[in-house]
Amino acid sequence: MLDKKKVKLGIAPIGWTNDDMPDLGKENTFQQCVSEMALAGFTGSEVGGKYPTDVETLKKALDLRGIQICNCWFSSFLISRPYEETEKEFIKQTDFLKAMGAKVIGVSEQSYSIQGKDQPIFEGKYVMNDEEWKLLTDGLNKLGQIAKDKGMMLTFHHHMGTVIQTEEEIDRFMNEVDKDLVYLLFDSGHCSFAGIDPVKVLSKYIDRTRHIHLKDLRSDVVAQSKKEGWSFLKGVREGTFTVPGDGDVDFAPIFDIIEKSGYEGYVVVEAEQDPAKANPLEYAMKARKYIAEKTGL
């Protein structure tokens, strides 16, 4: 059983509205989204594109529902643009998150990413050279120091279609960044989709993990995605991902690692689907029930 004093449970708004494909869930308002999160029993949320950008407005809406902001996606461009551009936006975003009471920011390197492009997700991913590796890790160390100085933590999100996707890339990344400044945002779904055993990655890096995304995978959809050369976003539309307990990933060993490590922080259900096919409230409740049964949270 997970320790409720240490582990908090959140959910991402991407199940209601997809910021990468705004037609998915365009009918779902911010108010409906956070109300249904609360109704399903979640107390943490990441930030979505429809969320108010004014701190007081957002705080009031969330306080009414007993929800806390726990993280926000941040796109870095450290290997393709001047460092200062990313730093300026990073400071703005960390200031907003700190004002909202969040402790982590989730960074993903988006230079040359194919995750949003209309090309097969398993073909043509960009591979960094040594110079780019150094640009990335040095830049993240600097951003990590900025976060640390604010009392926050930079967590890095390995992601399909980006420069940090494979097991080898995750290992090299974790070896080359400063372990006191840059932490891992572990995502079970992106490990599984990339053909990596999520248990292997989490067991190796749990002590350096500060944020966890829980998403399940439908292996038959992944097989079809590979066979037909789907893009990442086409796969999302067709149901690559789902909530924990609804797909083919065995979460028992993942929960076991979290429990035994004494992990402190959020575990967040983040399963982007087409809301027209997967009713957000229904699937949020399904995930909440499964996690409660398996972990006691």
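A pocket here is an open set of grid points with protein on both sides within 12 Å along at least five of seven lines, and its lining residues have an atom within 4 Å of a point. I worked on a predicted model.

**Second largest pocket**

I took this one up first in my notes. I found 14 residues in the lining of the second largest pocket. Nearest its centre I listed Lys8, Ala102, Lys103, Gly265 and Tyr266. For the volume I noted about 210 Å³.

I then looked up which strands contribute. At least two lining residues come from each of β3 (68–71), β8 (209–214) and β11 (265–269). β3 has the largest share of this lining, with three residues.

By residue class, I recorded six nonpolar, four polar and four charged residues in the lining of the second largest pocket.

**Largest pocket**

I next turned to the largest pocket, whose volume is about 410 Å³. Its lining holds 29 residues, and I wrote down Ile14, Asp19, Asp20, Trp73 and Glu270 as the closest to the centre.

Which elements each supply at least two residues of this lining? I found β4 (73–76) and α9 (232–238). The most comes from α9, which gives three residues to the lining of the largest pocket.

I sorted this lining by class as well. The residues of the largest pocket's lining divide into 13 polar, 10 nonpolar and six charged.

Key:
Residues are numbered from 1 along each chain as its sequence is written. This is a predicted model: local features need pLDDT of at least 70, side-chain atom pairs count only at pLDDT 80 or more; totals for chains, interfaces and linings use all residues. Side-chain values use heavy atoms; hydrogens and water are left out. On a 1 Å grid over the protein atoms alone, a cavity is a set of points where a 1.4 Å probe fits but cannot get out, and a pocket is an open set with protein on both sides within 12 Å along at least five of seven lines; lining residues have an atom within 4 Å of a point. Grid points are joined across faces, edges and corners, and a volume is the space filled by probe spheres set on the points. Helices (H or I, at least four residues) and strands (E, at least two) are DSSP runs, numbered from the N terminus. Ala, Val, Leu, Ile, Met, Phe, Trp, Tyr, Cys and Pro count as nonpolar, Asp, Glu, Lys and Arg as charged, and the others, Gly among them, as polar.
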